[in-house]
Amino acid sequence: MAILSGALELPLTTLAQAWSELDAVQLTQGEGIAHDLVRDSVLAAMPPPARQALNLALARQLAQHDDVAPHRLAAHWEGAGVWPQAHVAWCAAARQARLAGRLEAWEDLLDRAQAAAGQAGDEAAQFDARCQGLSARMLRLGAESVLETLHRWLIREKHPARRSRLQAMLGDALLLQIRPVQALAAGDKAMALAEPASPEWFEATVLTGRALAMAGRTAEAIGRLQSAHQNMPGFTEPLRALRAKAALANALHLARRHVEALHWQSMAVADAREWGDATEFAQLLSNQAALAAQIGDSRLAYQASAEARRRYLAMGVDSDKSQTNAIYLARQMAQRGRLNEAVSLLEDVIEASAARSSPEIGLIAVAALAGVSLWLGDASRIERLSLRLSQIAIDRVMPAIQVTLLLTRLRLARHQGAALDEDLRRLEALGRTEPELRLTPRIYREWADWEPDETALATLEALIAECGQRKAHGAARSLELLWLERAVARGDPGLLTRARRVQREWPRGLLAGTYPPAAWWTLARVMEGGGDHEGAVRCHERARRWLQTARLPGAGAGIREGFLNGNPINRLVLGPLDSP
C-alpha cells in the first residue's frame, strides 16, 4: 500500500478507502488483485501513455526498496520503456533464479534481459545476455542443444572479443561431449582472439587447461591453470574463479596428485556453498563424486553423486554432465548391492545419450552396464552388450575410452568363451602408445587380468605403494585385493597380515569396479590358507550375505537363481570354503 500510495501520490487513507470499495466487489483480495484477468483487463483498458506513466511511477517507488523481487521491478521498468534499467533488473532476476537452481527460469529471464538490452541499443549487454542464456540451456539440456546455435553465431560475429567468447563456449560444449582434441582447437582460437589479461583471455586459458587435462597432457594443463590463477585479472568474477579452481582440481587428479586435487575441489565446493549458488554447487558435487570415485573413496563418491543427482532432477537438468554423474552413481549403487537401480540408471543414460548424439558418454555407460551384467550373470544382456560393443569402431574414440571398451570386450568374451586374440593385441599396442593409461589404478585393476603373474604382481606392488603415498587409500585396497587374489592362487605364503589389514580398512572404501563378494571370497581363502579359520568363515559369510541381500532387476525366483548361478564367483561363494 505504501508503494502504491507513493506511485499514485495519494494519501494512504484515501487509497485505503478506494481499496476497500474494490474489495467489496471482489476485484481485490487482501493487498492483491483478485485474479490476473482483472489486472490484465484494467491495464488493457488504460491508454498507453497512462499505462506507461503508471509503470514508471511504480518502478521508481519499487527501486527504493532493497527487498523487492527484481523480476517485479524489471516488469515495471519494461512497461515504462526504460530499457537500460529493465535490462539490469532482468539480469538480477536471472541471477536469483540461477542461484536457486531454477534453470529454465534462468534461461527465460536472460531472454528478457537480452531483449531489453536490444531495445536500449546496448549491443555488448545484449551479447552478454545471449551468451549467458545459451550457457543456461547447455547446462540444462546438454551440449547438443547449443552446438548449432554456436556455429551459426560464429559465422555472423566479427568482433574479436565476442568471437573469442563464442569459441570458448564451443570448447565447453565439446568437453561435455568428451571431445578434448576439438575442444583444444576451439580454445586455441579463443586465445588467439582474446586481448591479454582480459576476461576472454582468462576463459580461454581455463578452457585450454581443461582440454589438455582430458587429452592426457596433464603437466601442460596444470602449468596453464596455475598460471591462470597466479595472473588472474583483478576484475575476474567469483564464478569464473570458482570454475578455474575446479578445473585445476581435475587436472591435478588426472596427474594422480590426489591430495592437491581434493584441496582445490573442496575450496570450490565450499565457495559455492557459502554463496548459496545451487546451480554451481550441483555441478561441483558431481565433480567431487568423480574425484572421490577415482581414488576409491566410495562413501564420498556415493554421497556426492546421489546429492548431485537429486539436485539435477530438482532443477530439471538432463544434460551430458548430469548423465555422467548418473554413471558414477550407478557404479556406487551396484557396489552397494542395489543392482536393480544401477541397471535402470545406466539404461536411461544409454537411451539419453543416443537421443542427444553424445556417443562417448553412451559408450562409457554401456561399458558400466556390461560390468554390472557380468556381476548379475545375465546371459541375455551380456550377449546383447557383447554384440553392441563388437560393432564399435574403437579407434575413433579417445584412448581412455578405447582402453575401457577393450577391457570390457575382453571380460565379456572370456565369460562367453569367445576368442580374445585381436583385442589382446590392441590392448598391448595401446599400452605401448599410452603407457600412463595402463598405470592408472582403476584401469590396471582390470588390465592386470591379461598379464602374466610376475608382471602383474610387480606392477600391482608399485601401484599400491604409489596410491598409499598419494592418499588414494581405497584404490590401494582394491589393488591389494587383486594382488592377494593372484598371490593366493599361486600358493604364495605369508599373506595373512596383508589380508587382515585390507579387511580392517575395508569400510574406508574401494574402487567402484571391485565386486564385493569376490573381494570377501579372496580374503576368506587367504585367511583359511593362513590358518585363521574363524576369520575365513566371517569373510565367507560376508560374501554370502551380500549375494542374499542384493536387489536384482526384475522379480521372481528365476531372476535370483540366474544371478546366483550365472556368475562363476557367485557359484564359488555359495560352495564350501575349501573350493578351489
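## Helix α11

Helix α11 covers residues 180-193, and its 14 residues reach 20 Å from the first C-alpha to the last, close to the 20 Å expected at 1.5 Å a residue. The model described here is predicted.

The buried residues of α11 are Pro-180, Ala-183, Leu-184, Ala-186, Gly-187 and Ala-190. Viewed down the axis of α11, these buried residues fall within an arc of 160 degrees, so they line one face of the helix. An α-helix has 3.6 residues a turn, so residues three or four places apart point the same way. On the other side of α11, Val-181 and Ala-192 are exposed.

## Packing of α11 against other helices

With α12, the packing angle is about 155 degrees, and the axes of α11 and α12 lie 8 Å apart. Angles over 145 degrees count as roughly antiparallel, and α11 is therefore roughly antiparallel to α12.

The crossing of α11 and α12 is left-handed. On the α11 side, the contact is made by Pro-180, Ala-183, Leu-184, Gly-187, Asp-188, Ala-190 and Met-191. On the α12 side, the contributing residues are Trp-201, Ala-204, Thr-205, Leu-207, Thr-208, Ala-211, Leu-212 and Met-214. Pro-180, Ala-183, Leu-184, Gly-187 and Ala-190 are among the buried residues of α11 and also take part in this contact.

## Helices α27 and α29

Another helix pair is formed by α27 (residues 473-490) and α29 (residues 516-529), which pack at an angle of about 45 degrees with their axes 10 Å apart. This angle makes α27 oblique to α29. The crossing of α27 and α29 is left-handed.

The residues of α27 that meet α29 are Leu-481, Leu-484, Glu-485, Val-488 and Ala-489. Their counterparts in α29 are Ala-519, Thr-522, Leu-523, Arg-525 and Val-526.

## Asp-423 in helix α23

Asp-423 is located in helix α23, which comprises residues 421-433. Because its relative accessibility is 13%, Asp-423 counts as buried; the cut-off for a buried residue is under 20%.

When residues up to four places away in sequence are not counted, Asp-423 touches Leu-406, Arg-409 and Leu-410.

Key:
Residues numbered from 1 in each chain as written. Predicted model: local features only at pLDDT ≥ 70, side-chain atom pairs only at ≥ 80, totals over all residues. Heavy atoms only, no water. Helix = DSSP H or I, 4+ residues; strand = E, 2+ residues; numbered from the N terminus. Expected span 1.5 Å × (residues − 1). Buried < 20%, exposed > 50% of the residue type's maximum accessible area, 1.4 Å probe, protein only. Arc of directions from axis to C-beta. Axes fitted to C-alpha atoms, helices over the stretch in contact; angles between N-to-C directions. Parallel < 35°, antiparallel > 145°, perpendicular 65-115°, else oblique. Left-handed = near helix turned anticlockwise from the far one by under 90°. Contact = heavy atoms within 4.5 Å.
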